Amino acid sequence: GDREDLADLFFSLKETAVDGTDLVLPGLGLNIARYNLGGSGFRTYNNTTMQPSKAIPSWKQIEGYWQDGESADPASPSWNWTADAVQMKMLQAAKERGATHLELFSNSPMWWMLSNHNPSGSADGKSDNLAPDQYENFALYMATVAAQAKERFGLEFTSVEPVNEPIAGWWKADNGQEGCHFDHDSQAKILGMVRDELDNKGLAHVAVSGSDENTYDEALATWKSFSMVTKAKVQKVNVHGYEQALGRRDLLYKATLGKRLWNSEYGEGDETGMSLARNLVLDFAWLHPVAWVYWQVLDGSGWGLIASDDGARKLGAVATKYHVLAQYSRHIREGMTILDNDDHNTVVAYDSKEGKLVLVTVADLWENTITYDLSAFGAVKGPVTRWVTNTAGAARYEKHTDLTVQGKKLIVKLDKKTIQTVEIQGVSFAEERIFFA
């Protein structure tokens, strides 16, 4: 969290040298940062202490700000606003580099709010762990941190999410990270209370997000369980993409029309990036999210865009998936319009201010020659620039200027296992649908 080079890599578009290596990488230009509000603490309160899981490493114990329940006054000694300085520093660095959406989320309430004082979960993982008399304190905790962020850290959260994969049954007391089960009724209760607490603190403009379920189908079931009153309290629906190619993205999209919909967490262990590309195009085709978030840019076992040993604070190799994500994130930017098309291997985005069309296509198992039929656009002047990453070869976000538009058609050859981004300048918008042959 305290490395400026990593902040540049992830939250700017600059070509950035990685400290301690000879690597120079294109910045990803990410504009969303989700801040994990911790539930761990190391004080004694009411003659009790946190009861941590034996499986959780110390670096996954995220220290929270409300250290004990003696006082709700954020200026009192019950609060420690320096508790999570390193993660907060990276959040500030993200904002400085242009991140426009900062989300405050919680994996677990503070340990002293929990029935068993264990922020990893309940004994069986299927029982709610937030004590019944602590709902108000938990909602107050989330809202207080959101309210204090501007004065203390120079930050303004745009949304608050009090739960994380809440219906899952794996948040057990011996789990290796923080987590907390909430059944559907409990979710509805805490979401409404967080909305009310935010409003009480003058933060009506801050969205409440729900519920970051692990899969599309779980998210759909959770959303359907909510009353109209609860749904009105939620301005943004978050879902995780761990169902991969499965799940009814389309039904979740239809059920949540009128709400902002995020894929707020995606990740897997395929370091090549092909799984990322396959699932990202499925999300754009069927889920229609307004935001797409990768879970951990630094992680091990193929999950990270850059391999890392987080406990030892050491970086490893850059995964090919780093460059695959760059094919999307550096070119499909906030404010662009995603256009419908007939090829679900391609994401199409249009920048009306710049008159620029972006086409990102995945070629998976076979070589492919694709004709982009651009006749639906008013004018297509060019020039054309393309970038390519070959996940089975050597190309890593290679730039080429070897294409031209011929009579409003662009013909491109793609090798198998490649992701290719094409930018066409001088494009005027005519219709909302284009067709590919």
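The points below cover a sheet and a helix pair.

1. Some ground rules come with this predicted model: local features need pLDDT of at least 70, side-chain atom pairs count only at pLDDT 80 or more, and totals for chains, interfaces and linings use all residues. Residues are numbered from 1 along each chain as its sequence is written, and side-chain values use heavy atoms, leaving out hydrogens and water.

2. Seven strands form an open sheet in the order S3-S4-S5-S6-S7-S8-S9, with parallel pairing. Strands here are DSSP E runs of at least two residues, and helices are H or I runs of at least four, numbered from the N terminus; two strands pair if DSSP finds at least two bridges between them. At the edges sit S3 (32–37) and S9 (291–294), each pairing on one side only. From one strand to the next, the twist averages 25°.

3. Within that sheet, S6 (residues 207–213) and S7 (residues 236–240) run parallel and are joined by four bridges. Ser209 stands opposite Lys236 in S7.

4. How do H3 (residues 135–153) and H4 (residues 184–200) cross? Their axes come within 8 Å, at roughly 45°, which makes H3 oblique to H4. Axes are lines fitted to C-alpha atoms, for helices over the stretch in contact, with angles from 0 to 180 degrees between N-to-C directions; oblique is what remains after roughly parallel (under 35 degrees), roughly antiparallel (over 145) and roughly perpendicular (65 to 115).

5. The H3–H4 contact (heavy atoms within 4.5 Å) includes Phe138 and Met142 of H3 and Ile190 and Met193 of H4.
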